[in-house]
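Thanks for coming. I will go through one structure this morning, one region at a time. Please keep the sequence and the picture open while I talk.

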Amino acid sequence: MLAFLLATDMRRKMLALPAAGVVICSLLRPPISPAQQFVEEARIRTPEEIRENTRRPLLVPVEVASWPFHKLSSGMERGFIAFERHRIRERMNLWTEELRHHGVQARFGGSGEGSGFGGGGTYTLHAGKANSLQFLGLATFKAYQEFGIQWQSTTPAGSVIAESSYQWRSDENFYGLGHNSVRTNHSMFALRQTWAGLRWEYQVKGRVRWGALYRAAWISALRGGDPHFGPPDAFFSNLTGYGTQTRLGTAGVYFDMDGIRNEYQLGGATHFGASYQHGFGNSSLSYFAYETQLEGRLPVSRESSAFVGQANFELTRARHDSSSIPFYMLPHIGGSSTLRGFALDRFYGRNLALLSLEYRYRIHPFVQVIPFFDEGQIFDRSEDLSWLNWHRNYGLGFRFRSAGGATFMRVEYGRSSEGSEIHIVFGDRERPPLRGPFRYGAYKR
Amino acid sequence: MKRVVILLFFCMLPLWGADHRLRLPPPLTVDADDRNIPEPREQPVSELYGILYNSWMRHLSPGQKVAAVRDIGALNVNAWDEVPDSSWFTNRIGRRRLSFDEICAGLEGQPPENGVWTALRVEDEGYTPKLRVRDPAGRTYVLKFDPSIPEKNSAAERVSTLILHAAGYNVPHNSIVSFRSSDLTLAKDAYYMDQVGKRRPLTRADLEGVLKKIKPVANGTYRGLASMFLPGKATGKFKYTGTRKDDANDIIPHERRRELRGLRVIAAWINHADTGEKNTYDAYVTVGGRSYLKHYLIDFGSTLGSGDYINGPYRIGHEYIFDGSAMGRSFITLGLWHRPWEQHGRIVHSEIGYYDSELFEPERWKPNYPNPAFNRTDDADGYWGAKIVTAFSDEFIEKLAQAGAYSRSEVTAYLANTLKQRRDAIGRYWLDRVAPLEEFDLTGGRLVFRDLAVERGYAPEEIARGYRLQLEGKKESLTFTGQSAQLPELSLRVGGQADRYGRLLVARVWIESKRQDGGWSLPVEVSLGQTRESERLQVLGWRHAVR
C-alpha cells in the first residue's frame, strides 16, 4: 500500500498495485480461528499445512467477484434454513389442503394474456355429488378484475350450467383494422364485459363433447388506463363500438373431439363452434361467427418429442341489415397464443386464419423446448387471403411444468418482420367452450 | 494495453507462488481429532438451499472454481495413502478381513429388547409417520415403516447400514423388528406432532391410525425398522464443504477429506443417491473424559433403489434432478438423444426398486444433486473407495442380502447378485485405472508388493500381469511381471534433514500396472528412505494415482 502511495510515476504505481491487492486480500480473508491454532503431532495435518494447501491464490478480481456472491449465498442459506425450520412449505400445503377441503382454491394471474401478475381464487359449494355453485374472484396489479358465478348440475342427459361473469381489462391493444394496420398506431382501451347465460353440455366418454348456450352480454370499450398510449379514437375516427355500450344476445353450439392421449403420442383434436349475435334494444347488430380449431400430433421420438400442428379459422358474417360489428368483437391475432413474433392483439379483422407448427421436445421431465413457426392473417374477403401478405414468425419457447404435469410457466421468444417479442405466461390456458363475441381464450397451446 | 498486460501478469504471480506439492504424509493410523472442545451450537442445513447452490449457484462463484482447480487431492491421508481412524471414520473391512458377525456386533447400539414398548411420540411428516418408542431396557428408538411397498425401505436401510458401517463410517444402529399392536403402550406424556410441528397428547386412536397405514405381515405383526438413538447431544448436520468454526478439531475442509470424497464410490455401489447434508448428523459425545464431535451418516431408506422418485425411478444414480449436461444434450440433439436408463431401466422386484447392474457405470454415477465432496473425487479417492467395496467377499454380500429379511428368497438372491455385479464393475474400473498395488516392502533390494486386482480377480494371473517401474531421476523404465522388482543400487544420504517423524526421503519410485486395454494405469508413487531408528533403506510410504 505504502509502495503504491509513494510510487512517483504511473509505471511504478502499476507495479505496486498487485502488491497492494495482495495485502488487501490478506486482510479480507479470515484467519484460522484461534480455537484451531493448537496443533499436536497426532493430527494428520497441521493447520499451517492445511492453510498452505487450501488457500486461494490472491487474485484481486477473483476476490472482488467472490465477495458479493459469498454475501448473497450466505444470506440465501439463512433464509432457506429459516424457511425449513418454520416448516413454511408444510404449513402452506396444509393451508392449501384445508382451504380445498372448504371449497376454496387459489388461482394465479388473470384470464388471458396480458392480464398481469396477481391472482384470486374460487369458492365452491357442493349440494350432493351432482350440483355445485362456484364463485370466482381475480385481480391483478395491472388493474385487471374478474368476478364470476357458475351453477352446474350434472344429469345423465348432460350438464346444465348457469353462469355469469364480469371482467374489467384496463390495457387492451388496438393498432387499427385489417392486415395493413401500422404498428406505430398503438392505442389502448379498457374493456368492461358483463354477461349471464345458460349452457347445456353433453360429454360422450370423456373424449367428445357438444353443447349449446345462450348468453346476454353488455360490453363497453372505454379509455385505457395507460397514459403513455392514446385512445383508439385519437388514431381512428368513427371507430364502431368505442365509447359506447353494446348490448347483445348470443346463441351458439359447439362440438369438441379430443383424441390426444399423451403429449408425445399420435393424436388429434378438433373444435367447431358457431354462434349468432343480435343486438338488444335499438341496436341492429346481427351477425354469425364461426370458429374452427384443428390440432394434430406426430411423434418423432418415443415419449420425448413430437411435431404439433394447429390450424385456426374464425369467420364473421354480418347479415345485410346489420350495423357494423364493434372492433373489439372482431377476431384478432398477435401474442403468445397466436402470432408469437408480434405484439399482443396486433391485427384485428373480420376473418382470421392461423397456422402454427411446433416441434415439442423434452429436455427434462419438467422442461419442454419448442421451436415454432406461426403464420396468420386477418382478412375481410377471401380475395384478400393471399399467401404473400401473411404474417410470419419463428422462435423458440420453453414450457415449465410441475411434477403433476400442469404447465405453470411459458417463456417464448418470437421473431418477425416487426422485430422480436418475448412472452412470459403463467399457468395453463383453458379454452372456453365457445368464443362468440368475447375476446379471450379462443386458443390453447 | 502494455500496462494492462503487465498488471495482469503481476496479478497472476501468486498462482505460481506456492508449492502445492504435499510433503510425505505422516505415518499415522489415527488422527487425534477427539480433543476436548466446548459444546458447539447446533448447525442447521437447508436441503432446498443445498439443491439450489450445488446445482446452479456454485457455478457463479469464481472463488470456488479456482479452489477446485487448485485441489490436488485429499488432505487427510497418511503415508500409506489410507485414511487414519478419526471421529469421521474407522477403518474396518478395508484394513482387515472381518466376519459378518463381527461387523454386526460392532454396530453402535443394540436392537430393541422384546416386550412392551412405550410409545413416546408420533411424528407425522406427511409421508409415513415415525414412531418414537422406549424398549423395556430404557433405550429409545425411532420406528420407521415401509411407506409404499412392504420390506422395501426397511430392508434397504438395514443392508446399507451394515455396508457403510463395515466400510468404516459412523452410522446408527438400525435393525428390522416385528411387533404387534398390543406390544405398544402409551407413555404418560406421549404426544403427536403434526407436519408443522404442532403437538397434542397422543391417544391410542392415533397409534392405531399410524398402524393402519402400514400393511401388517401375514401373522398380524407389523414390520418396521428400529433406529436406535445416537449417543451424545445432537448438534445439527455436517456439511460436505468447509469446516465447522466452533469445532477446534475440525481443521480439514470436508471437501478435502478422503472418506467423504471416496464415499462417492461406496454410494454408487448401493445407489445411495440421497447423500445430501440433511442425511448427516453431528453428535457431541463424551468418551474417556473428552467431549468432541462425532460425525455420522444417517437415513439410508432410499438406497438400493427404494427412494422416492422425482422425475421417475430410472434417473436415480444416472442423472441429477436438474442435470445441466443431460438437459444440454437433449437440447442440442432436439430431444432425439434418449437417456439409456429411460429406455432400458427396469424394476425386477418391487421390494428392491430400481437397482440394477446392467446400466451401472461406476465412473458416471451421480447422486440426486451435486455433492461438493463428490465433485472433488479424484482417481486416488475413487481407488480408495473401490478398495473398500471390493473387500466385500461374495459370502459377506450374501449374508448382507439375507440381513434385509426379505420374505421371498428370489429377492434376496437378486439383491446379492446385483451387489456382486456392481462391486465387480467398480473393481474392474478403478482397479484397472489406478495401479492397485499395496503393502510395498523392500527386502534384499527387491521391492515387493500386493496387487489387489490380481488378488480380487480383476486382472490376469500374477505371472501374466505386467508392471513398469521408473526411478526418480532416471529416464529409462523397467518392465517386469510378478509382484516384485529388483531395484538398482541407491546411494544413501548421510546427514540429511529428517522430517518431524524422523524420516529421510532418499528416492521415489513410480510403478504402473498394465491395463486391460493394453495401456498403463495411473502410477503409484513409492517413497524410499531411512528412519531415525534404522539407516537401512526401506519403504516410507506410497501414494496412488500420481500424475
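When I say "domain" here, I mean a stretch whose bounds come from an automatic or database domain assignment. One more thing before the details: this is a predicted model.

Let me start with chain B. Its domain assignment gives domain 1, made of 28–101 plus 236–432, and domain 2, covering 435–543. Taken over C-alpha atoms, the centres of domain 1 and domain 2 of chain B are separated by 31 Å. Where they touch, 11 residues of domain 1 of chain B are in contact with 13 residues of domain 2 of chain B. On the domain 1 side, two elements of chain B give two or more residues each, namely α12 (379–389) and α14 (409–433). The largest share of that side, four residues, comes from α14(B). Sorted by class, the domain 1 side has four nonpolar, two polar and five charged residues.

Next, a sheet in chain B. For background, strands of a sheet pair through backbone hydrogen bonds, either parallel or antiparallel. This sheet is open, has seven strands and shows mixed pairing. Reading across, the order in chain B is β4-β7-β3-β2-β1-β5-β6. Which strands stand at the edges? They are β4 (174–179) and β6 (199–201) of chain B, and each has a single partner strand, so one side of each is left without a neighbour in the sheet. On average, neighbouring strands of this sheet are turned by 30° against each other, direction ignored.

Look inside the sheet at β2 (residues 130–134) and β3 (residues 140–144) of chain B, which run antiparallel and are joined by four bridges. Within this pair, Leu131(B) stands opposite Leu143(B) in β3(B). Helix α5 (residues 152–167) of chain B packs on the sheet and touches β4 and β7 (222–228) of chain B. The direction of α5(B) makes about 145° with that of β4(B). Helix α6 (residues 204–212) of chain B lies across β1 (117–123), β2, β5 (184–193) and β7 of chain B, and runs at about 85° to β5(B).

Staying in chain B, consider a hairpin. It is formed by β9(B) and β10(B), with two residues between them. In the turn, Gly288(B) has a positive phi of about 60°. Eight bridges join β9 (residues 280–287) to β10(B), and the two run antiparallel. One pairing to find on screen is Asp282(B) with its bridge partner His295(B) in β10(B). Is β10(B) largely enclosed or left open? Six of its eight residues, 290–297, are buried, so β10(B) is largely enclosed by the rest of the structure.

Now chain A. It has six helices and 18 strands. Of its 445 residues, 31% are buried. Strand β7 (residues 208–223) of chain A pairs with β8 (residues 245–258) of chain A in the antiparallel sense, over 13 bridges. There, Ala212(A) stands opposite Val253(A) in β8(A). β8(A) also pairs with β9 (residues 267–279) of chain A, again antiparallel, over 11 bridges. In that pair, Gly249(A) has His278(A) in β9(A) as its bridge partner.

Last, a place where the chains meet. The axes of α4 (residues 60–85) of chain A and α2 (residues 47–55) of chain B come within 8 Å and cross at roughly 150°. Residues of α4(A) in this contact include Met76(A) and Phe80(A), and those of α2(B) include Leu48(B) and Tyr53(B). By class, the contact has five nonpolar, one polar and three charged residues.

Note on methods:
Residues numbered from 1 in each chain as written. Chains lettered and ligands numbered in written order. Predicted model: local features only at pLDDT ≥ 70, side-chain atom pairs only at ≥ 80, totals over all residues. Pairing = 2+ DSSP bridges. Axes fitted to C-alpha atoms, helices over the stretch in contact; angles between N-to-C directions. Contact = placed C-beta atoms within 7 Å. Buried ≥ 20, exposed ≤ 12 C-beta atoms within 10 Å, placed from the backbone. Nonpolar A, V, L, I, M, F, W, Y, C, P; charged D, E, K, R; others polar.
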